[in-house]
Protein chains: 2
Amino acid sequence: MQISCIKMEGMSSDQSKEVAHTYRATQARTSIIAVLTEGNAPLSVGEILDVLKKRKSCPNKTTVYRQLATLIRRDMVKEVQFTEGAKRYEMADTGHHHHVVCTQCKRVEDVTVEGDLAAEEKMIAKTKKFKALRHSLEFYGLCPKCA
Amino acid sequence: MQISCIKMEGMSSDQSKEVAHTYRATQARTSIIAVLTEGNAPLSVGEILDVLKKRKSCPNKTTVYRQLATLIRRDMVKEVQFTEGAKRYEMADTGHHHHVVCTQCKRVEDVTVEGDLAAEEKMIAKTKKFKALRHSLEFYGLCPKCA
DNA sequence: TGACAAATGCAAATAAGTTGCATTAAGATG
DNA sequence: CATCTTAATGCAACTTATTTGCATTTGTCA
């Protein structure tokens, strides 16, 4: 699998106060991006660590948390959370989609949805004076294995 | 404010293995339901405790967690979680609605949405062989105060 | 009123995520 | 290639959210 854009340079426009900063293509960053890119589902830090433990080198959990924070700041990764304990992370460039969550085995998969939720966002902005920037939609139920 | 159905008897159909069980109208349950019924937004355990501390008697946090678990099992309360740390709880009988979450001050409010998400659920069931039972939709953005 | 089980409180245990600090190692430079 | 600078890492300790065990209290119902 090809991983692009591991090295990240410069600073994004919204980091106004930050000093210019050079990001490095480290082992940890590379492997975390690899794991997130492989699956078609968002992973928890625990799951990321489990996968990496089976490979050559596994970073410390602190490193994983910090890398994810950096990748989120750089808009390369998105954070999602369902009604389980842990947060989940997925690559940001996988296109807009939503999730189905199995309430039994906790497995998560991506889905795309037809409805025009962008229109809803505009309506909310009007009626609630709430400036909706993004949305998240999850379907909970039973996956084929647990049904 | 009137609180109905504080005493809960019998067992719901899906509690197959459980022995019949009588629920009691205790101070803790009464006050937790009162707090959840008052607002139009889901509350975290911390927020529930904060409100109750200002009143006559405040239950222990363990009790709050346990009462919420019981109320959820009885389908009287729903649990939701956004990308903050703590889970939030709201009365189940407030009609189907969704949430707007302020990414700045973390405030949460209810909204109702037009789109036909039930239709989406059926489609998912077909294409993903995933039996979607319920869904949750959140809009993230800035509330009037933070915008 | 008295018995019995539901409900509670407290303290200790988990689990998820964070922070401080000393150390390591990308990557730029000579 | 050796060296320097600082981003990135690892470790241990910490915070916050939630759970569990156990002894005690308290609704309910006979």
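**Notes on the DNA contacts and the chain interface**

1. A sugar or linking oxygen of DNA strand C lies 3.3 Å from a polar backbone atom of Thr22(B). This distance, like the other values below, comes from a predicted model. Two arginines of chain B also reach DNA strand C: a polar side-chain atom of Arg24(B) is 2.7 Å from a base nitrogen, and an N or O atom in the side chain of Arg29(B) is 2.7 Å from a phosphate oxygen. The elements that contribute two or more residues to the surface near DNA strand C are H3 of chain A, together with helix H1 (27-38) and H3 of chain B.

2. The surroundings of DNA strand C comprise 22 residues, and the closest are Tyr65(A), Ala28(B), Arg29(B), Thr63(B) and Arg66(B). Of the atoms of DNA strand C that come within 4 Å of the protein, 59% belong to sugar and phosphate. By class, the residues of this surface divide into 6 nonpolar, 8 polar and 8 charged.

3. Which residues are closest to DNA strand D? They are Ala28(A), Arg29(A), Thr63(A), Arg66(A) and Tyr65(B), out of 22 residues that surround DNA strand D. Sugar and phosphate make up 57% of the atoms of DNA strand D that come within 4 Å of the protein. The surface near DNA strand D holds 6 nonpolar, 8 polar and 8 charged residues.

4. Individual contacts to DNA strand D involve both chains, and they include bases as well as the phosphate. A polar side-chain atom of Arg24(A) lies 2.8 Å from a base nitrogen of DNA strand D, and a polar side-chain atom of Arg66(B) lies 3.5 Å from a base oxygen. In Lys87(B), by contrast, a backbone N or O atom is the one placed 3.0 Å from a phosphate oxygen of DNA strand D. Two or more residues of the surface near DNA strand D come from each of helix H1 (27-38) and helix H3 (61-73) of chain A and helix H3 (61-73) of chain B.

5. Turning to the protein interface, chain B and chain A bury about 3300 Å² between them, with 63% of that area on carbon and sulfur atoms. The contact draws 38 residues from chain B and 38 residues from chain A. Between the two chains there are 14 residue pairs in polar contact, both members at pLDDT 80 or more. The count of salt bridges between chain B and chain A is 2, and one joins the side chains of Lys128(A) and Glu109(B), with N to O at 2.5 Å.

6. On the side of chain B that touches chain A, the elements giving two or more residues are strand E2 (77-80), strand E4 (98-102), strand E5 (108-111), helix H4 (117-128) and strand E6 (131-142) of chain B. The largest share, 12 residues, comes from E6(B). The residues on this side of chain B divide into 19 nonpolar, 6 polar and 13 charged.

7. How do the two chains pair through E6(B)? Strand E6 (residues 131-142) of chain A and E6(B) run antiparallel and are joined over 11 bridges. One of the pairings places Leu142(A) with Lys131(B) as its bridge partner in E6(B).

8. E4(B) and E5(B) run antiparallel and are joined by 4 bridges, with Val101(B) standing opposite Val108(B) in E5(B). These two strands form a hairpin with 5 residues between them, and Lys106(B) in the turn has a positive phi of about 70°.

9. Over all chains, the whole structure contains 12 salt bridges. Among them, Lys53(A) pairs with Asp50(A), the closest N and O atoms being 3.8 Å apart. Both residues lie in helix H2 (residues 45-53) of chain A, 3 residues apart, about one turn of the helix.

Terms used
Residues are numbered from 1 along each chain as its sequence is written. Chains are lettered from A and ligands numbered from 1 in the order in which they are written. Side-chain values use heavy atoms; hydrogens and water are left out. A residue is near a molecule or strand if one of its heavy atoms lies within 4 Å of it. A polar contact is a pair of N or O atoms within 3.5 Å; within protein, one must be able to donate a hydrogen and the other to accept it, and residues adjacent in sequence count only if both atoms are side-chain atoms. Ala, Val, Leu, Ile, Met, Phe, Trp, Tyr, Cys and Pro count as nonpolar, Asp, Glu, Lys and Arg as charged, and the others, Gly among them, as polar. Contact means heavy atoms within 4.5 Å. Buried area is the accessible area (1.4 Å probe) that two parts lose on being put together, summed over both. A salt bridge is a side-chain nitrogen of Lys or Arg within 4 Å of a carboxyl oxygen of Asp or Glu. Two strands pair if DSSP finds at least two bridges between them.
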